[in-house]
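Q: Can you walk me through this one? Start with what you mean by the words you use.

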Amino acid sequence: MIRQKFYLLILTWLITAFNATAQTTTTEVLFETTAGNIRIALYDETPQHRDNFLKLVKMHVYDSLLFHRVIKDFMIQSGDINSKHALPGQRLGTGDFDYTQEPEFRLPQIFHRRGVVAMARESDDVNPEMRSSACQFYIVWGRILDDAKLAKVQERLDTTTQGRVQLTPEMIATYKTVGGTPHLDGQYTVFGEVIEGMNVVDSIQQSPTDKYERPLEDIRILKAIVTKDIPQQPKETPKPSPKQRKPVRKK
């Protein structure tokens with residue numbers, strides 16, 4: 001029995017390790033924040049989101065922006081262009097540019113496990129194509145789930161995605177050991193992962209917040225830097241848009 005449990009633990013570890021390294025990454029971005037540094041790798045499997053994100057970083061769009069929406073045991077969100085000069089207590093979440101991005105869902109290889117980076121978007125009622133925001137993104141924290149909770153998540157996914165999203169054994173094993181937000185799978189584009197600084201993400205997701213889920217004390221991206229690049233970036237400058245880009249749906 002002890003040997004069987006040991007082999008099961010090894011198998012679970014191997015599945016988790018495979019999921020963590022199954023994606024290819026050739027680009028990296030470093031966020032220097034008031035809470036510490038966070039380094040992310042962008043997936044080559046989602047080239048549109050990767051290239052757009054690199055473009056914005058090089059344009060210094062993320063410099064001085066806040067983590068404007070934080071939900072404990074769920075995610076931390078940034079990228080609202082109005083947050084750079086936001087007043088204390090000001091409600092945020094609508095600042096964006098005048099374009100959206102086609103979704104790049106890559107299930108079952110890329111999903112909402114803890115530590116991945118995804119783009120926010122407007123809600124389904126005004127955005128049935130599930131197109132991503134131009135610049136607002138979130139980093140997943142989530143929870144570790146057991147079989148019973150994952151079964152309920154699958155029931156929810158059957159309704160919200162009309163049966164399009166099915167949790168695979170590999171995904172289930174990861175959500176049971178690493179954690180994440182499986183109820184968002186197949187509905188928001190995951191395009192990268194944190195490779196350094198998950199302790200910083202953890203500290204941010206535990207921050208006290210106001211009624212708008214904005215941290216009571218500002219947590220700011222001081223500077224975003226491309227530390228590993230590819231030579232193919234669009235040069236057009238995005239324009240501010242008055243349209244609201246709703247942040248990721250609350251759990």
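A: First, "buried" means under 20% relative accessible area, "exposed" means over 50%, and "partly exposed" is in between, with a 1.4 Å probe and protein chains only. This is a predicted model, where local features need pLDDT of at least 70, side-chain atom pairs count only at pLDDT 80 or more, and totals for chains, interfaces and linings use all residues. Residues are numbered from 1 along each chain as its sequence is written, and side-chain values use heavy atoms, with hydrogens and water left out.

Q: Is Phe31 buried or exposed?
A: Phe31 counts as buried, at 1% relative accessibility.

Q: And Phe137, buried or exposed?
A: Buried, because Phe137 has 1% relative accessibility.

Q: How are the rings of Phe31 and Phe137 arranged?
A: Their centres are 5.5 Å apart and their planes at 10°, so the pair is stacked. The rule: rings of Phe, Tyr and Trp (its six-membered ring) pair if their centres lie within 6.5 Å; planes under 30 degrees apart are stacked, over 60 edge-to-face, and the rest tilted.

Q: Where do Phe31 and Phe137 sit in the chain?
A: Phe31 is in strand S1 (residues 25-33) and Phe137 in strand S7 (residues 137-140). They are 106 residues apart, and the pair links distant parts of the chain. Helices (H or I, at least four residues) and strands (E, at least two) are DSSP runs, numbered from the N terminus.

Q: How many aromatic pairs in the whole structure?
A: Nine. Ring pairs also join Phe31, Phe53, Tyr62, Phe137 and Phe191 into a cluster.

Q: What about Tyr138 and Tyr188: which geometry does that aromatic pair have?
A: Edge-to-face, with 6.2 Å centre to centre and 85° between the planes. Tyr138 lies in strand S7, and Tyr188 in the loop between helix H4 (169-177) and strand S8 (190-196), so the pair ties together parts 50 residues apart in sequence. Both Tyr138 and Tyr188 are buried.

Q: Which charge lies over the face of Tyr188?
A: Arg121, at 4.4 Å from the ring centre. Arg114 lies over the face of Trp141, at 4.2 Å from the ring centre. The test is NZ of Lys or CZ of Arg within 6 Å of the ring centre and within 35 degrees of the ring normal.

Q: Switching topic. How many residues are in the largest nonpolar core?
A: It has 32 residues. Those with the most contacts inside it are Phe31, Ile38, Ile40, Phe53, Tyr62 and Phe137. A nonpolar core is a set of buried Ala, Val, Leu, Ile, Met, Phe, Trp, Tyr and Cys residues joined through side-chain atoms within 4.5 Å.

Q: Which element gives the largest share of this core?
A: Helix H2 (residues 47-58), with four residues. A second, separate core of 13 residues includes Ile71, Ile110, Val116 and Leu184.

Q: How many residues of H2 are buried?
A: Nine of the twelve, so H2 is largely enclosed by the rest of the structure. Among them are His49, Phe53 and Leu56.

Q: What follows H2?
A: His60, whose phi is positive, near 65°.

Q: Back to S7. What does Ile139 touch?
A: Ile139 is in strand S7. Leaving out residues up to four places away in sequence, its contacts (heavy atoms within 4.5 Å) include Ile38, Phe74, Val116 and Val201. Ile139 is buried, at 1% relative accessibility.

Q: Now charges. How many salt bridges does the count come to?
A: The count is 13. A salt bridge is a side-chain nitrogen of Lys or Arg within 4 Å of a carboxyl oxygen of Asp or Glu.

Q: Which side chain does Glu196 meet in a salt bridge?
A: Arg39, at 3.6 Å, N to O. Glu196 is in strand S8 and Arg39 in strand S2 (residues 36-43), 157 residues apart. Glu196 counts as partly exposed, at 44% relative accessibility.

Q: What about Asp229, which side chain does it meet?
A: Lys58, in a salt bridge at 2.5 Å, N to O. Asp229 lies in the loop between strand S9 (221-228) and strand S10 (240-241) and Lys58 in helix H2, so the pair ties together parts 171 residues apart in sequence. Asp229 is partly exposed at 37%.

Q: Which residues are linked in a network of salt bridges?
A: Asp44, Arg50 and Asp51.
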